[in-house]
Amino acid sequence: SVWGNCKCDFFFFFFFILHGIKKNVQLNKLLNCFPGSAGTPVVFNHNGDAPGRYDIFQYQITNKSTAEYKVIGQWTNKLHLNWRTGDPTLPISVCSVPCQMGERKKVRCEGYHFQASEFLCELCPYEQRPDRNRTGCIPIPIIKLEWHSAWAAVPVFVAVLGIMATSFVVVTFVRFNDTPIVRASGREMSYVLLTGIFLCYAITFLMIATPTLAVCSFRRVFLGLGMCFSYAALLTKTNRIHRIFEQGKKSVAAPRFISPASQLVITFSLISVQLLGVFVWFAVDPPHTVVDYGEQRTSDPVKARGVLKCDISDLSLICSLGYSILLMVTCTVYAIKTRGVPETFNEAKPIGFTMYTTCIIWLAFIPIFFGTAQSAERVSEIYEICTKS
């Protein structure tokens with residue numbers, strides 16, 4: 001009614017007068033003209049401000065795949081949510097979900113990086129990799145060529161067969177040492193040649209053994225020694241044949257230093273050069289082991305491995321084998337020169353054939369070995385070349 005409206009206007013006038021005198025007042029809902037829209041008392045705090053009343057909206061997608069705002073609750077002194085029916089779980093109200101272990105806010109730590117802080121990834125040391133949760137770094141596992149590996153089993157099998165065959169020939173030579181056939185073949189040089197072949201097969205076991213200071217030292221000594229024995233003996237034999245026929249063209253006198261003792265002196269003089277080079281190598285670069293993480297450092301840190309091996313550089317390897325290669329080439333030259341000797345010196349042709357095939361093997365081996373990345377499972381390849389030679 002009009003009077004009711006007037007009473008309300010009078011009430012408002014009276015109320016705001018009181019509010020001006022005292023801020024912290026309360027208007028009870030018993031006054032029907034101003035009970036409050038929510039049915040609660042109208043109050044003002046000590047600052048003269050009314051409490052907040054808010055509707056809470058959520059941006060939702062309806063069944064028609066259109067998005068609109070839906071009222072899901074109110075705020076009147078406390079939160080009242082009308083969340084999904086039957087779902088007591090409150091909606092997550094965070095800017096982003098908490099980071100998992102090994103994660104940061106922007107992107108996950110990749111490669112060999114670990115989570116240094118919530119927002120920062122750092123690279124692990126070269127010999128380490130991140131752990132499973134990428135919260136730190138752990139050492140990279142160290143591997144070596146194992147005896148049960150197929151890459152070791154095949155060379156060992158070939159080496160055992162070669163040692164057995166060489167031993168059989170040595171025993172045969174010793175048993176028939178004084179027979180004309182053995183003496184005619186040059187038994188002294190044959191024993192040197194067989195020793196070299198035996199060393200070539202035996203070095204396989206040193207190459208597969210676990211690298212230690214002693215093993216690395218023996219590897220350096222015997223790496224090129226077996227080939228040096230073989231090529232020095234063959235070079236001495238072919239040089240002797242060449243000198244005999246060259247001297248026969250000039251006079252009937254026999255050339256010097258063709259006796260068995262002279263042949264042994266020449267052969268071991270050639271071998272001593274190889275040993276001297278090895279001792280110089282020991283003095284310049286003492287043998288030691290090293291863990292190579294570069295060969296097996298894959299893009300996936302879980303598969304990364306460190307390879308335990310002797311520290312032998314490519315240059316040192318070339319120097320060690322270079323002298324044997326020089327003997328081989330020289331022997332090949334003499335084998336070509338003596339290819340037309342009479343049938344009574346029939347050993348010249350087999351020696352020539354051996355040198356030709358050996359040169360072909362080495363020409364194929366050198367670019368393959370030094371032109372591709374080395375790995376622990378190829379460590380025995382170089383020694384197979386020795387056995388084939």
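Buried here means under 20% relative accessible area. The model is predicted.

By that cut-off, helix α2 has a buried set: Ala 152, Pro 155, Val 156, Ala 159, Gly 162, Ile 163, Thr 166 and Phe 173. An α-helix has 3.6 residues a turn, so residues three or four places apart point the same way. Helix α2 covers residues 150-175. Its 26 residues reach 37 Å from first C-alpha to last, close to the 38 Å expected. At the start of α2, a side-chain oxygen of Ser 149 comes within 3.2 Å of the backbone nitrogen of Trp 151.

Turn to the cysteines. The whole structure holds three disulfides. One joins Cys 109 to Cys 121, with an S to S distance of 1.9 Å. Cys 109 sits in the loop between β5 and β6 and Cys 121 in strand β7, so the bond ties together parts 12 residues apart in sequence. Another links Cys 124 to Cys 137 at 2.0 Å. Its S-S torsion is about -85°, so it is left-handed. Cys 124 is buried at 3% relative accessibility, whereas Cys 137 is partly exposed at 24%.

Cys 216 and Cys 310 also form a disulfide. Cys 216 lies in helix α5 and Cys 310 in strand β12, so this pair ties together parts 94 residues apart in sequence. Both ends are buried, Cys 216 at 2% and Cys 310 at 7%. Cys 331 is in no disulfide.

Helix α5 also carries Arg 220. Arg 220 is buried, at 1% relative accessibility. Its side chain reaches the backbone oxygen of Asp 285 at 2.3 Å. Beyond its sequence neighbours within four places, Arg 220 contacts residues including Trp 281, Phe 282 and Asp 311.

Methods. Residues numbered from 1 in each chain as written. Predicted model: local features only at pLDDT ≥ 70, side-chain atom pairs only at ≥ 80, totals over all residues. Heavy atoms only, no water. Helix = DSSP H or I, 4+ residues; strand = E, 2+ residues; numbered from the N terminus. Buried < 20%, exposed > 50% of the residue type's maximum accessible area, 1.4 Å probe, protein only. Polar contact = N/O pair within 3.5 Å; in protein donor to acceptor, adjacent residues only side chain to side chain. Contact = heavy atoms within 4.5 Å. Expected span 1.5 Å × (residues − 1). Disulfide = S-S within 2.5 Å.
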